[in-house]
Amino acid sequence: MPTTFADQLRALPDEALSALIQLRPDLVVPLPADVSALAVRAQSRGSVARCLDGLDEFTLRILDAARLSRSPDTALTSVDAILELAGGVSADDVRAAVERLRVRFLLHGREDALEVTGAVDEVTSPYPAGLGRPADYLDPQAAALVADKARLRRTVLAAPPGARAVLDRLAAGPPIGALGRDSMAEPVRWLLEQHVLVAVGEAGRAPRPDGELVELPREVGVLLRRETGPLGELRPFPPLPEGSRRDPKSVDSAGAGQVMEAVRSTDALLEALAAEPAPVLRAGGLGVRDLRRLARSAGLDEAGAALLIEIAYAAGLLGEADAHGSSRSVTVSRAGSPVDEIFLPTGAFDLWRALSIAQRWHTLARAWLAMTRQPGLVGTRDDRDRPINALAPEAERAGAPQARREALLVLADLEAGTAPAADEVLELLAWQAPRRARGREAAHRDALGGAALLGVTALGALTSYARLILEDPDDADETDPLGVRAAAAHQSSDSVRLLDGLLPAPVDHILVQADLSVVVPGPPEPELAGELDVVAEPESAGGASVFRVTPASVRRALDVGYTASDLHALFKRRSRTPVPQTLTYMIDDAARRHGGLRAGSAGSYLRGDDEALIAEVLADKRLGPLALRQIAPTVLVSPTPTARLLAALRDAGFAPVAEDAGGAAVLARPKVRRAPTRTSLAARISDQAGPPVLAGPRLAGVVEQIRKGDIATRAARRAPVTVRAANGQSVTGLTSVQRHGEAMAVLQQAVREKARVWVGYVDSHGATLSRLVRPVSLSAGYLRAEDERTETLHTFALHRITAAVPEDEQ
């Protein structure tokens, strides 16, 4: 009959051991050497705490019942004792909860002699089910009171209203109350005098009559819970969210619209950063003023802008770059101090923009699910009352990805189209894993808000394309036992294809109106989007975006190299409506004026073929600060830089162009700076996954390896008598140890025959050990041998070897 925890694990069939490993995968990370190591790990505080974190409210209450019903003499309980405490609930539900605890080995042993794993008491509350400690442990007078049940009932019934309110509060749990300055009021004093409450020291420590806490004895708490039962209200089943019902098609349609808006807003934020990079604060992160500027440019509130910026950074689309770069200019902050680093889009941003909208959204969604940041903290204050900025280290939360996935999985488990309220989601999470949900309410609300902004949810319900991202890969794929193929990749592509079908098809044409507005009846193709960025100004975005052609946008197109004929051909090719005559006149007029003046460096100079135009510029009082001076009928010079000269002339209504030293026109499109490319956080997280998901052949291989190691470990404890004697152990009848030459002969023969031998040796700390190995080579004063139990290669110095005996001679 197994007596130890390890013996009970060793006696399990492979199916039961596999079930334990599946339910507690941390037990095999790293792979234990044998069953004894597995047993030690299964009883450790960390492993037990992780296991308890995944249990639901009802199962934890049944575990509390097991703790409460333990015998004071044997510390054992039974299924019948647990059933007695869990009255009012179906016995089948209780037995099912007990089985969940047993299969995880939080309870082990026979049904009539169950033992609670020791670490459970260490990592859980010292007050099971919110009940205090027994009265005979707390105070003799309280023990005498509870021993007389009739007297106890009379005392409780005689309690004044204030004292009864105190009792009801402590009976609900926890049973501990603090004795503050105002706590020794009449109600509490009355309860202490009647020994219904006991003064104790700190929670969990021995009772102290002069303590600063009061505790409600367990027996009194059970009496006060006579209506709900000793364990309080038991809920064997989760509270199902009522929520409102939405049409799944409407949910997907609304989600697709929000996807387009999220992608557009992210693009706008990164474009704004490319045009005017934001400095990296000394403490890290993005400044409040810069966040406000970016939010205004993208038409978002600050919270939404912070979320999308955090996601873009996690996706590798945004990064830090040297503020000076290859230019001679020095970037300064708003306070006037030099800046070392700035935020800029990375090279991956340009590749991302070339993808379809569904693929761009998929990149953002995966980064959001994986990032260890909580954007909802941006704008709040930390423990030291300092503001938390976007991209600042203070917004880092290691548990954010898990909290995000937990909240979304609640929606995924509901029927398609169900839109529960946030409070209903939090209540369900608190039932599913109360230990894990405690303290994560803000993270869960933040996850639901982020999901709505990204289009993961719409109208309060989970979208069908987002549901595919959340689904786990097929763990039981027997055709891929090593997990070489990533099933999640197939689901990701399915999500993109489904979203592509919901989004309007990209368009390659525009509708030019008489008022020079340009309507794009759908998401533009990347090539069309690039052309519109140059020749028109955006006015509104959405399913059908609107741009407007202005003199400034035409001049900008001419500056980057377009000619008047190029622009005419562009609008004729792209527009499905006739090109208005006013647009043709605007382009021709801008082209005629464009380049009439040319600027260069002198400081700077200005020249032109039209002497009257040069005279007009020289006489313009608005250009007085430029200190223009005429050096020839068609040439002016200025001490100001060329860029400033060009900007001032354009502000005054002229249309100059820059030229190089050879007189050729310089295209005005600035060189785009990009931050160094960063790896997406989603890719890094997938490469650094936690405990593996084991199933099928992989799980069977893990169990086989543990069994094999267990057999080898038990065999290693039976070293031959010669080895034990050589290691200094007392052996009856042995008068001398093995000579060194004999040991070398045994090792040489083992190398030739590839046989296993027992080797006794002295390690670097002077300890004498023995090991069963298979010698590989014997040279240069060292023995190299393989330990099949651990599958590692060991090197032994020959002068440290004390004995060597073939395995079959032990």
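Local features need pLDDT of at least 70, side-chain atom pairs count only at pLDDT 80 or more, and totals for chains, interfaces and linings use all residues. Residues are numbered from 1 along each chain as its sequence is written, and side-chain values use heavy atoms, with hydrogens and water left out.

The chain has a mean pLDDT (the predictor's confidence in each residue, from 0 to 100) of 83, with 85% of residues at 70 or more. Helix 17 (residues 302-314) has the highest confidence, at 94, and helix 32 (residues 681-687) the lowest, at a mean of 49; helices are DSSP runs of H or I with at least four residues, strands are runs of E with at least two, and both are numbered from the N terminus. Where pLDDT is low, the predicted coordinates should not be read in detail.

Five strands form an open antiparallel sheet in the order 26-25-24-23-27, where pairing takes at least two DSSP bridges between two strands. Strand 26 (792-797) and strand 27 (801-806) are its edges. Six bridges join strand 25 (residues 782-787) to strand 26, and Arg784 stands opposite Thr795 there.

The model also holds four aromatic pairs, meaning rings of Phe, Tyr and Trp (its six-membered ring) with centres within 6.5 Å; planes under 30 degrees apart count as stacked, over 60 as edge-to-face and the rest as tilted. Phe5 and Phe105 are edge-to-face because their planes stand at 80 degrees, with centres 5.5 Å apart. Trp361 and Tyr465 are likewise edge-to-face, at 5.1 Å and 85 degrees.
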